[in-house]
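Biologist: Could you take me through this structure? I have not seen it before.

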Amino acid sequence: MLTRSTRYLIFFQYIGTKYSGVMKAPTHQAVKGVQNYLEEAVRRLKPVNVVSLYISSRTDTGVHALGNSAHFDLQRQNGKTPFAEDVLVNALNFHLRPEPIRVTRAYRVSDVFHARFQAVARTYVYRLVTGVHHPSSMPLTDANLCWVLRHDGLDVGAMCDAAALLVGTHNFSSFRALNSEAAFKDPVKTLDRASMEPGNAFVHRHFHRDIQFWELTFKSRSFLYKQVRRMTGALVAVGQGKMSVSGVKELLEVQDSKAYPQNFTAPPDGLFLTRVDYHHSDLQPPAASCSLL
């Protein structure tokens, strides 16, 4: 007798440099998405059902994540009981080797749970570095993991003033890039946080060069296409004196994607999706027992 399928929510991280993005790429495409590898790892567990992952937060080519999430249904063969969460995490990570993708947590959730629609907040961090005059001077541990600015300094005060203008509920049309879904997405978003703080190299204690890392943090329930990279690009332009603080305000008020200056969008390298939040009650497991592999 076959058991019912079990719905799992997983949290996962990845270095996005080599992928087409997090979403699944078509089979004919040479460069795959993170979802392709995650689904293949689940298939290697030999479920009865055809497995499809539902990703909570889309990230583009070259963008990284420390805390993306997805749900999927899994039905085991021969009436076996559902995987325990920790066993599932270890099994998926075994099959993900040697890709720079790791599952960090898993939860059994209700059959009606949806990773995308029930997310209450998403947090992105954008990493910047100044004081580097050539990318080859970066520590290897941070290569492709930050935006290397070839300026010795930034006007951090002006950047913070400009970031404060973005907090709250606004029409962010000027900060979204146009794509096929733009006409169907509400451009009004509530930005709960936009802040700038000093950061560190991953090997800061052992890297003896005078370079400065910065982190821009953005938190909202949802974001528009390339909104974070465009907001970052505008704030960096303020820090470099290429745009005034009032210029950011005007850009926000004009509500026109075409008004965004060309070549200001931040590159994907420094962008990390750091966490996706849910209500605690949504992460409670249904009443059922688990067994080991």
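Biologist: Which residue does UniProt list for "active site"?
Modeller: The unreviewed UniProt entry lists Asp60; such positions follow the numbering used here, feature names are shortened, and annotations may be inferred rather than shown by experiment. This is a predicted model, where local features need pLDDT of at least 70, side-chain atom pairs count only at pLDDT 80 or more, and totals for chains, interfaces and linings use all residues. Residues are numbered from 1 along each chain as its sequence is written, and side-chain values use heavy atoms, with hydrogens and water left out.

Biologist: Where does Asp60 lie?
Modeller: Asp60 is in the loop between strand S2 (54-55) and strand S3 (64-74). Strands (E, at least two residues) and helices (H or I, at least four) are DSSP runs numbered from the N terminus.

Biologist: What is Asp60 in contact with, leaving aside its neighbours within four places in sequence?
Modeller: Ser20, Gly21, Tyr225, Lys226 and Arg229 are in contact with Asp60, contact being heavy atoms within 4.5 Å.

Biologist: Changing topic, how many disulfides are there?
Modeller: The search of the whole structure finds 0; a disulfide is a pair of cysteine sulfur atoms within 2.5 Å.

Biologist: Is Cys146 buried or exposed?
Modeller: Cys146 is buried, at 5% relative accessible area, while Cys160 is partly exposed, at 31%. Buried means under 20%, exposed over 50%, and partly exposed in between (1.4 Å probe, protein chains only).
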